Amino acid sequence: MIRNEISGFVKKFENKNVELAITSAKPGWPLGWCRPLLLGLVDASWMPRSTVSISLRRLVLPRSQIGVHSAEELLSVLRQCTNIEHLDLRSNGLNETFAVLFADALKQHAGTGRGALQHLTMRGNDIGKGGALSLAEAGLRCSVRHLDLSANGAGRTRMAEQVARAVAQYQDLTSLDLGASVLDSITVLAHSLGQCTSLTRVKLDHCKLGSAGALDTLAAGLKACLNLRHLNVSYNEIDDAGAERLLRDTVFYYPIAH
């Protein structure tokens, strides 16, 4: 019944731009509650297979308990929605396999000139090092402007530097969130961020940047980011001396909000 109703909804909005936003699942709802919704979006029984085209522009499903059980349906939706511009899938238990397959789909969209994704939030999943790197590389193909891979398996497997290397090649990226990441080399990260001169917002909270050397290296790299206006380095055990150096090397170099 639910699937039929949703399929009817999708058919009603055929050839129109669709925006779907559900802030979170209600407490007590079963895992994968959105499965009927996703199945409805990809159910093409009401139109010829060759003409299926869902013009979904914005999909916001944070904390929606998608998990591995509904990941396949979600992938089916994303593969068809070549015009999607804003995607928020934070805290959904999505794994590395999902991230890699989704990244492949994004690369295919970009390869045919249809990649429209500008905002990607994958915070708080478990996409691992392969998933984070794949998404960062796919985002480059699609000219993503906002990329959030924070609090992911990427941090626990020390892949923030590799992600930063990919991000360094972006031309239009304005916002990057790698918070709650374990950093092996602050030098690599700082150098990569310095190459992404379009950045206006950088978030590196919970990254254990408290040492004097790490802060000095980060500030030196960020000096190249002349458009930077927001820098979040909260929860990094920065002492008074470190805070003073960071303020001296960033705020007084160009106006910036911490």
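**Note on salt bridges and positive phi angles**

1. At 35% relative accessibility, Glu-137 counts as partly exposed, where buried means under 20% relative accessible area, exposed means over 50%, and partly exposed lies in between (1.4 Å probe, protein chains only). The model under review is predicted, so local features need pLDDT of at least 70, side-chain atom pairs count only at pLDDT 80 or more, and totals for chains, interfaces and linings use all residues. Residues are numbered from 1 along each chain as its sequence is written, and side-chain values use heavy atoms, with hydrogens and water left out.

2. Glu-137 forms a salt bridge with Lys-107, and their closest N and O atoms are 3.7 Å apart. Lys-107 lies in helix 4 (residues 96-111) and Glu-137 in helix 5 (residues 128-142), so this pair ties together parts that are 30 residues apart in sequence. A salt bridge is here a side-chain nitrogen of Lys or Arg within 4 Å of a carboxyl oxygen of Asp or Glu. Helices (H or I, at least four residues) and strands (E, at least two) are DSSP runs, numbered from the N terminus.

3. How many salt bridges does a search of the whole structure find? The search finds five. As background, side chains of opposite charge can pair when their charged atoms come close.

4. Arg-123, Asp-177 and Lys-203 are linked in a network of salt bridges. In the pair of Asp-177 with Arg-123, the closest N and O atoms are 3.8 Å apart. Distant parts of the chain are linked by this pair: Asp-177 is in strand 6 (residues 175-177), and Arg-123 is in the loop between strand 4 (119-121) and helix 5, 54 residues apart. Asp-177 counts as buried, at 7% relative accessibility, whereas Arg-123 is partly exposed, at 24%.

5. For Lys-203 and Asp-177, the closest N and O atoms are 4.0 Å apart. Lys-203 counts as partly exposed, with 27% relative accessibility.

6. Most residues other than glycine have a negative phi. Arg-63, a residue other than glycine, has a positive phi near 50°. Arg-63 is placed in the loop between strand 2 (56-60) and helix 3 (67-80), and at 43% relative accessibility it counts as partly exposed.

7. Lys-208 is not a glycine, yet its phi is positive, at about 55°. Lys-208 lies in the loop between strand 7 and helix 9 (212-222). Is Lys-208 buried or exposed? Lys-208 is exposed, with a relative accessible area of 79%.
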